[in-house]
Amino acid sequence: MYVYILVSSVLNRDVKQFGKKFMFDSNEETCWNSDQGESQWVVLEFPQPVKVFELRIQFQGGFSGKSCKLEGSAKEEDLKRIVDFYPEDNNCLQISFHVVFPIQDVPLVQKLKIVFENSADFFGRIIVYTLEILGGKVL
């Protein structure tokens, strides 16, 4: 499934070395590196509604989000908070949240926004090696 991805920033605008695509390339030596500043984010837009059950993120130690939130919406609606999560500041692949809602309570979304409200880094930079969204299409 094709997903459209936006990020708040890229370190020194160097998308060839630190661009958003590197969160999804399965290469443990590449990453998305945000520029400095508060409240960095990643937005994913799906071509059709999906139900999201799990988010997995691998940060660079020292550059992780400390207080984060996941927001979602139908295609043209305003984003609504789904869950807050608090990753550990380490290099491990983390299940930053694992939420299994009863089926009727899983929100249908076409747009997801992961907001890193603050960072372990003094300058607010976020470094993500792996970002995985687990869920499914709505039939």
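This is a predicted model: local features need pLDDT of at least 70, side-chain atom pairs count only at pLDDT 80 or more; totals for chains, interfaces and linings use all residues.

Trainee: Okay, so where do the cysteines sit, say Cys31 and Cys68, buried or exposed?

Mentor: Cys31 is buried, at 8% relative accessible area. Cys68 counts as buried as well, with 0% relative accessibility.

Trainee: Let's zoom out. How many helices and strands does the protein chain have?

Mentor: One helix and eight strands. Reading from the N terminus, the order is β-α-β-β-β-β-β-β-β.

Trainee: And what share of the residues is buried?

Mentor: Of the 139 residues in the protein chain, 42% count as buried. The accessible surface is about 8000 Å², and carbon and sulfur atoms account for 50% of that.

Trainee: What about contact range: what percentage of the contacts join residues at least 24 apart?

Mentor: It's 75%, taken among contacts between residues at least 6 apart in sequence.

Trainee: Now the core. Which residues touch the most other members of the largest nonpolar core?

Mentor: That core has 29 residues, and the ones touching the most other members are Trp32, Val42, Ile57, Ile114, Phe116, Val128 and Leu131. At least two core residues come from each of β1 (4-7), β3 (40-59), β4 (65-73), β5 (80-85), β7 (108-119) and β8.

Trainee: Which strand gives the most to this core?

Mentor: β3, with eight residues. As background, nonpolar side chains tend to be buried together in soluble globular proteins.

Trainee: Pick one of those core residues for me. Where is Val128?

Mentor: Val128 is in strand β8, which covers residues 127-137. Its relative accessibility is 1%, and that's why Val128 counts as buried, the cut-off being under 20%.

Trainee: What does Val128 touch, leaving out residues up to four places away in sequence?

Mentor: Met23, Cys31, Trp32, Ile57, Gln58, Phe59 and Phe116.

Trainee: Phe116 keeps coming up. What does Phe116 touch?

Mentor: With residues up to four places away left out, its contacts include Trp32, Trp41, Val42, Ile57, Phe59, Cys68 and Val128. Phe116 is buried, at 2% relative accessible area.

Trainee: On to the rings, then. How many aromatic pairs are there?

Mentor: Three. One of them is Phe59 with Phe116, edge-to-face, at 5.8 Å centre to centre and 80° between the planes. Phe59 is in strand β3 and Phe116 in strand β7, so this pair ties together parts 57 residues apart in sequence. Phe59 is buried, with 0% relative accessible area.

Trainee: Which residues form the aromatic cluster?

Mentor: Trp32, Phe59 and Phe116 form one cluster.

Trainee: And what's the geometry between Phe122 and Phe123?

Mentor: They pair edge-to-face too, with 5.3 Å centre to centre and 85° between the planes. Phe122 counts as exposed at 77% relative accessibility, while Phe123 is partly exposed at 44%.

Trainee: Last one: which rings have a Lys over the face?

Mentor: Tyr4 has Lys20 over its face, 5.9 Å from the ring centre. Trp41 has Lys113 over its face, at 5.1 Å from the ring centre.

Methods. Residues are numbered from 1 along each chain as its sequence is written. Side-chain values use heavy atoms; hydrogens and water are left out. Helices (H or I, at least four residues) and strands (E, at least two) are DSSP runs, numbered from the N terminus. Buried means under 20% relative accessible area, exposed over 50%, partly exposed in between (1.4 Å probe, protein chains only). Contact means heavy atoms within 4.5 Å. Accessible areas come from the Shrake-Rupley method with a 1.4 Å probe; for residues, only the protein chains shown count as cover. A nonpolar core is a set of buried Ala, Val, Leu, Ile, Met, Phe, Trp, Tyr and Cys residues joined through side-chain atoms within 4.5 Å. Rings of Phe, Tyr and Trp (its six-membered ring) pair if their centres lie within 6.5 Å; planes under 30 degrees apart count as stacked, over 60 as edge-to-face and the rest as tilted. A charge sits over a ring if NZ of Lys or CZ of Arg is within 6 Å of the ring centre and within 35 degrees of the ring normal.
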